[in-house]
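Please follow them with the coordinates open.

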Amino acid sequence: MSARNVEGGTPVRTAPRREITPGAALPLLGFLLLAALFPFLPLGSRAEFLLQIAFFTLVAGIMALSWDILARSGQVSLAHAAFYGLGAYGYALLLKAGLPWLLAMPVAALLAGGVSLILGAVTMRLSGMYFAIATLAFTEVVRTIIQNLPESVAGGATGLLVPALLGGNSRAQYFLAWGLLAFTVLVSLAVRLTRLHFAFAAIRQGEETARVLGVSIVRFKLLAFFISSSLAALAGVLYAGKTFFINPLETFSLANSIAPLTTSIFGGLYTTLGPVLGAGVLRVAEELLHNSVKNGYLVVYGLVLMLSILWLPRGLMGLRRGRKHGGDL
Amino acid sequence: MDLFVQTLVNGLLQSGLYALVASGLALAVGVVGIVNFAHGEYLMIGAFLAWAGSAFLGVDPLLSLPVIAVAVFAIGALTYRVSIRHVLLAPELNQMLLTFGLGILLQNLALMLLGGNTRTVTTPYQASSMQLGDLSVGGPKALAFGLAALLLGALYVVLYRTTLGRQMRAVAQNRRGAQLIGINVDRVYLIAFGVSCALAAVAGVLVSVLLFASPTVGLVFALKAFAIIVMAGLGNLTGVLWASVLLGVSEALVQTYVPGGGGWSDAVFFLMIFGTLVLRSYRGAR
């Protein structure tokens, strides 16, 4: 495959590179601030329900943004559900082993990150559809293994009970999720504003060229995998602690890999604001549709994915006219 | 020993179905250059059409098969016109995600309209079986294998003995070159994509008789088809046959000889895809 295929059918346009001004971070800050104020709004009798939706919107934001970080290095993965699930299961099992939750959370994330290094190393040379199918197969292998382990170990096909996060205080849970999303945003900005950005972009746009330029492909691809998967695992921890019951079929469901991918593309690939914004819009739309469209809300994801690819290839971020490639966060 | 031979025969019969699905996918990948992640969904459509024909109109799936094939050819051609055609020159990522979105859309549309239940088609020959010495072969299975062999034979004749087939192979080799010598590439793409979908639908009709129709039935077959074309090497139709036999037989062996085979056979299969992909990448196939 030629290098051009990876990034664009047409040669990359050399837009004048814009400096990133501090103002570019304003929409992002606004969004986070708005999210932080949400629990203090007069929500009325449905407060508990709305807070739960908002919680899962934040989780979706973490998932989408972490997926995007991996995609920036040219690796379009369908294994995000695997790390989400590994986070959830790792957390549950570590709690069962007697670790305090504050310790179990980062350890579960690091464990998932460690597993991702194995996957990343094995799939290092795959690209495009081969990479996508290999990561999909990996997810299924992980799910099957957990499902077939003895029930005393990981609950088998039935699932595991998980103690509620923060004693079940939904407002506290919400702020924990908010904090983790803010952390993810910080990590994403760090990737965007340091040399990592150039290394990832170079690898994505043409591996051979990047190698010639002296970019260590192995190191940066694995780093992208590690960062992305650890963050996805944190999202998994939040999920496990909120629903206090996890089973292999739902936790490792393909939907958990599809949603972050669709969200990022709909919001705007390779940006920080895009996936977060996409998560907000899509989750709200999903909840609004939930009443009219019963079990097939994924229909919307499929449709959004198709329409974005056909008409909005740069996502919501592409709608903001007058901003050329370089200046977006 | 008998068990072993029986297992081999079962695997071989199963591989006919796999070859049918995989050759359709190989056509889409090889000729159109599109990795169709929605391939299994056309199989699902075929299975449901067969079920609907049998449940509402009382038509035997094998009789409705030609009609279904033509109908799904039309659906595939329509899909090509409204979506695939617009991303032919787009980055591979966009093509992949477009068909992926299409797959999610079709699968969940079916889930929404028909529910997640499996629907079975009852036919008078469903329980029939043939005895060949010590071996017993299920009637529908043998029938499916025969039909698959027939269709694959026809596909080969079309590809290697007709003008259309020659055009398809020309386009597969070099799109621009084919265009320069006056081949209507767009038309060839449309037909190839339609035939690809129709082959999946025929397999779907057989699946509805052998197993059942359900919204998610396609995914498994699509994944197996991916495994097969990866093993065969892109665009290698003869390789598809061998790879199908290999997959069918090894699956049957796992199911028979690995204790608790039901649960683990999936993992074995996915490990196989994984292994194949990784091995190929290290042998530098790309």
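Helix 2 of chain B covers residues 39-56, and its 18 residues reach 26 Å from first C-alpha to last. That is close to the 26 Å expected at 1.5 Å a residue, where the expected span is 1.5 Å times one less than the number of residues. Helices here are DSSP runs of H or I with at least four residues, numbered from the N terminus. The model is predicted, so local features need pLDDT of at least 70 and side-chain atom pairs count only at pLDDT 80 or more, while totals for chains, interfaces and linings use all residues. Residues are numbered from 1 along each chain as its sequence is written, and chains are lettered from A and ligands numbered from 1 in the order in which they are written.

Helix 2 of chain B is mostly covered, with 15 of its 18 residues buried (20 or more other C-beta atoms, placed from the backbone, within 10 Å of the residue's own; 12 or fewer is exposed, in between partly exposed). Gly58(B), with a positive phi near 70°, follows helix 2 of chain B.

Elsewhere in chain B, the axes of helix 5 (residues 139-161) and helix 8 (residues 185-210) come within 10 Å and cross at roughly 175°. Axes are lines fitted to C-alpha atoms, for helices over the stretch in contact, and angles run from 0 to 180 degrees between N-to-C directions. The crossing makes helix 5 of chain B roughly antiparallel to helix 8 of chain B (over 145 degrees).

Leu210(B) lies in helix 8 of chain B. Leu210(B) is partly exposed, because 18 other C-beta atoms lie within 10 Å.

Note on methods. Helices (H or I, at least four residues) and strands (E, at least two) are DSSP runs, numbered from the N terminus. Angles under 35 degrees count as roughly parallel, over 145 as roughly antiparallel, 65 to 115 as roughly perpendicular and the rest as oblique.
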